Amino acid sequence: MAPPPQRIIEDEEEFLNDVAAFHEKRGTSFDRDGKVSGRPIPLHKLYKLVLARGGYDSLSAERMQWRTLVREFGFGKVHEGVMTFQLKTVYYKNLAAYEIATYWGEEPPPKEILEDRSAKGGNLRTRTLENYAPASSQANEPANAAIDGNFDSADEEQVTPKHEKTESEEPGSATRYPMRQLRQDPKRTQMYQPETQLARTRNIRATDSPSAPPAQQQFYQNTASDPYNPTFDWFNNYKPSLSRPLTLQQVKTPGNDPEFYTNKAKQKLQKELEKDPRKLREAARKSELLPGLDGKDSRKVVHAGLNGPNIYQRCLYGLRSGIPEEQEFALHHLVKVSCERGDKYKFEGFPYLAESLLEKALQITEIVYGVKWDITYDEDDEGLPLNTLYAATGTKNLLERIQLTSVNVEDETLEDAETSRKLDRLKETILVIRNMVTLNDNAVFLSKFPLFKDCLTIAITLPDQPRLAEFKLSALEILEHVTRYWALVPKDPLYLSLIPYIESNDRATLISSIRAINNIGIDTPAIHRLTDIPIQSIVRLFSFTLLDDDLLVETTLDFLYEYTAMPENNTELMTNIPWLLPQMVGRLTGLLLHESITREESVIAKLQPAKTTPLPCPVPTIANELYVELLRFHEPERSSRWLRCCFEESPNDDITQIAIWQAYQQRFVQHNPIPAADFIKNVSTTFSTAQAQVINSPVQARFIIKGIKPRRVLIDVHGRPYYKCLWHINHAEPGDQAARQGQKYLCNTWYSTRDKLLAHLISDHMGVQRTLDGQFAENDLPTHRCRWNQCKHQSPFTTARGIAQHLSVHVPATPEAMSKLLHEVAFDAKEPEPTTIKHHIHFTAVDTEVHPPAPYGVAWMSVMILRNLARFANKHGQPFEKNGVKLIEQLFGTHRYRLFKNLGLNKVLGPHIIDLMQLLDKGVKEEKSGVKREHEDDEEVTA
């Protein structure tokens, strides 16, 4: 069974549309604005809160859990039970079925037992038509519970009297049948209901006036239906009381009524006027006239419910009025509106709002320089003063104008209250613009204003004063959002004003300025040339990559990526500071696994078995040392020891009886070997699996011993392996198949130690003589070549030391290693068992909001800069070659191994590292045309 999707849509509008489509398909109604006690409830927030607590059924299974949700929406404890049920009903009607279908991946119950019923109870996911049988009076239960105020979060079944059988009536008991006597006291499990009829009946006379007919006493057919009878079954006949509408009236406070104090003052004034009727009539007459008119000129009456423009229009009009108090009011509210409702407040919907804010922001120069900038929408006129900005076409020579008009800088050490208040208003102005340009529509709208660009240039060229730090930082944050829409040329005043901020010591200022430069021209067809950057600034930026500050490092790498994409920038670096790029390559290679997530993967490596047939194994010829040791034993113990040294048990193999007997007889013929018949019997005695057999055939019968085979490695009487000489003593004959496989013409002598085998090789096969003191003689060395099996060394040796060192490589260090070598040479090695290899895989940052997911972050920017440097070294590195070493080798020669290692570890950046390695191996690469920022074609861009 597939796991449930358990997915929540994060976007609120998309979530509501998805729920609406679900209810339309289900055939049920959907209320997008669910309300609790008259207040709208955000369904998206309610849905996330419920699922965070385990879903509808989990909340309903525990007491008092739904009440915790009420507090999340700011409701008080007054009427908490009522509001809890209303909140649960909102979720039950609109989101319960949606939760079951989309989050749990199950089929929700039909609407007849879900939406058409009340929110009482739980277990919705297991509710079916068969197991759910609601009472006919269930529709009235929620209202009654809300009225009684006893609703709890667990939504447990309403407690009713326990069903107990009552005693039957006895003859003569006090009942209403046939006559009324004293009323019995009800049982404890029986609800008390007072009598609604008078105990004493009133006799109606004929002379009485015709009034309302008396209420007739209700008669019951039996005691089972009479609630006054002690035997009445309250459990089965219980019916809750009718619901009563709950009326709540909101208490007006200054928090929910903006006109609270105004109305209070009006009521106080009204009470004072009521004391003097003449003043009251005069006030009523004046309130009917329009402002600015008297009773003789006009009798126009203003409507009593006129509230004036909304807050957006009032802020706009207040800002344009020029009245300080109105502007202060407007800016105060604009800051809040732009921060909280920026998506609803767009420049294009409110004409002249952008112009008014820019004109207000330009007043900063009046405080700093004492200069007021005049704004004209005419064409450029040389006759206008220097403090004139051309709003329609942009101001030429703006930096020169700023320098000429900013001669007198106001002293900041002493500042009066009025200046401080004006500066606060200007900070609010630039903050409003900053908040509004975070919306792309507003940023695009303002980017088309030449006046906006001039205003930002003036803002970032203000002097470095602490009181202006907030104003300038807001201007730089504005540039982060709008420079992407401007194709700035290298000599643009705004671009030249941004470059000095790279040397800033303030982190926020530095990051904002670098981002503003990085974003220049991204959304324009033109390619921005990141030039005219001081070399010392580049060195300083590269030093930031050593810091433990991911945001600053990523911003710096983004800047270096655009900088190294221009070949002339790299040429300037290699010419002036040639050590920078090699160090940069080393640091960037180390950042390829920055902040990566490591996961361990296990891979079962199963080697393929050898397909070559193992070589036949002859009976080994025992060494002289072993021969002397075996002579110490008498028959048949000698033959048993020899068999154990030369043979081993193998149930599927066999050997002829004549072959094994001849091998033993030839070796011990001079020492009275055991007779053949006794020897064959001794074989079966020595090995439990050995058995003498006769194989009949039409040609000739074969006498074999089944269950043993010759050893590939000779062992001594204690089970220790011997060393075997694999020296070729003669060339193989052309037609000899066994000789070609390297077994027939080998030396095949055995030695108990490694030193004895080495001495045998040097003296007997290489012909090196020893001196009287046991050393090898260096004179008259033969010109023999190494003929060890499968040795590929062809040149002859010139020194005895060289011969010994070479042969030491061939002879294994331990007897076990020698045994393994002998099996490998004979193609008789055992199939290796599957090995589990554990790999550590690294995953760097990936942007999952795009499709397909794309890498980003420090690691990705590092590999992109490395690609820029490799491309530059291949195409433009010839002038920087040193001693025949190409620039590509100077930069990447010592880092190839680390790059290969990162290629195997980093799965996210694997394709990008492969492209980098291809650039290093193949030189100039045919590039595909990519996006503009990557400059993949690397064309020479003209200014």
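This is a predicted model: local features need pLDDT of at least 70, side-chain atom pairs count only at pLDDT 80 or more; totals for chains, interfaces and linings use all residues.
Glutamate 595 counts as exposed, at 56% relative accessibility (exposed means over 50% relative accessible area, buried under 20% and partly exposed in between, with a 1.4 Å probe and protein chains only). Residues are numbered from 1 along each chain as its sequence is written, and side-chain values use heavy atoms, with hydrogens and water left out.

**The whole protein**
- The protein has 37 helices and 13 strands (DSSP runs numbered from the N terminus: H or I of at least four residues for helices, E of at least two for strands).
- Of its 943 residues, 40% are buried.
- Take the contacts (heavy atoms within 4.5 Å) with a separation of 6 or more: 67% of them join residues 24 or more positions apart.

- Most residues other than glycine have a negative phi, and most peptide bonds are trans.
- Glutamate 595 has a positive phi, near 50°, and sits in the loop between α25 and β5 (597-605).
- Asparagine 748 also has a positive phi, near 60°; its loop runs between α30 (737-740) and β10 (750-751), and it is partly exposed at 26% relative accessible area.
- A cis peptide bond links glutamate 635 to proline 636, with omega near 0°, and proline 636 lies in the loop between α26 (624-630) and α27.
- Another cis bond goes from histidine 851 to proline 852, with omega near -5°; proline 852 is in the loop between β12 (846-847) and β13 (854-855).

**α1 against α6**
- Helix α1 (residues 12-26) packs on helix α6 (residues 96-103) at about 100°, with the axes 11 Å apart (axes are lines fitted to C-alpha atoms, for helices over the stretch in contact, and angles run from 0 to 180 degrees between N-to-C directions).
- That makes the pair roughly perpendicular, a label for angles of 65 to 115 degrees.
- On the α1 side, Phe15, Asp18, Val19, Phe22 and Arg26 make the contact; α6 brings Ala97, Tyr98 and Ala101.

**α22 and its surroundings**
- Helix α22 (residues 535-543) is largely enclosed by the rest of the structure, because seven of its nine residues are buried.
- Those buried residues pack against α21 (507-518), α23 (550-564), α24 (567-576) and α25 (580-590).
- Over in α23, aspartate 558 is buried at 18% relative accessible area, and its C-alpha is 6.9 Å from that of asparagine 518, 40 residues away in sequence.
- Valine 585 belongs to α25 and is buried at 0% relative accessibility.
- The C-alpha atoms of valine 585 and leucine 891 are 6.6 Å apart, despite 306 residues along the chain.
- Beyond neighbours within four places in sequence, valine 585 is in contact with Leu866, Leu869, Leu891, Phe892 and His895.

- Helix α29 (residues 676-686) has Phe679, Ile680, Asn682, Val683 and Thr686 buried.
- These fall within an arc of 160° seen down the axis, so they line one face of the helix (the arc is that of the directions from the helix axis to the C-beta atoms).
- The face turned away carries exposed Ala677, Lys681 and Thr685.
- The buried residues of α29 pack against α27 (637-646), α28 (657-668), β7 (691-695) and β8 (702-710).

Terms used. Angles under 35 degrees count as roughly parallel, over 145 as roughly antiparallel, 65 to 115 as roughly perpendicular and the rest as oblique.
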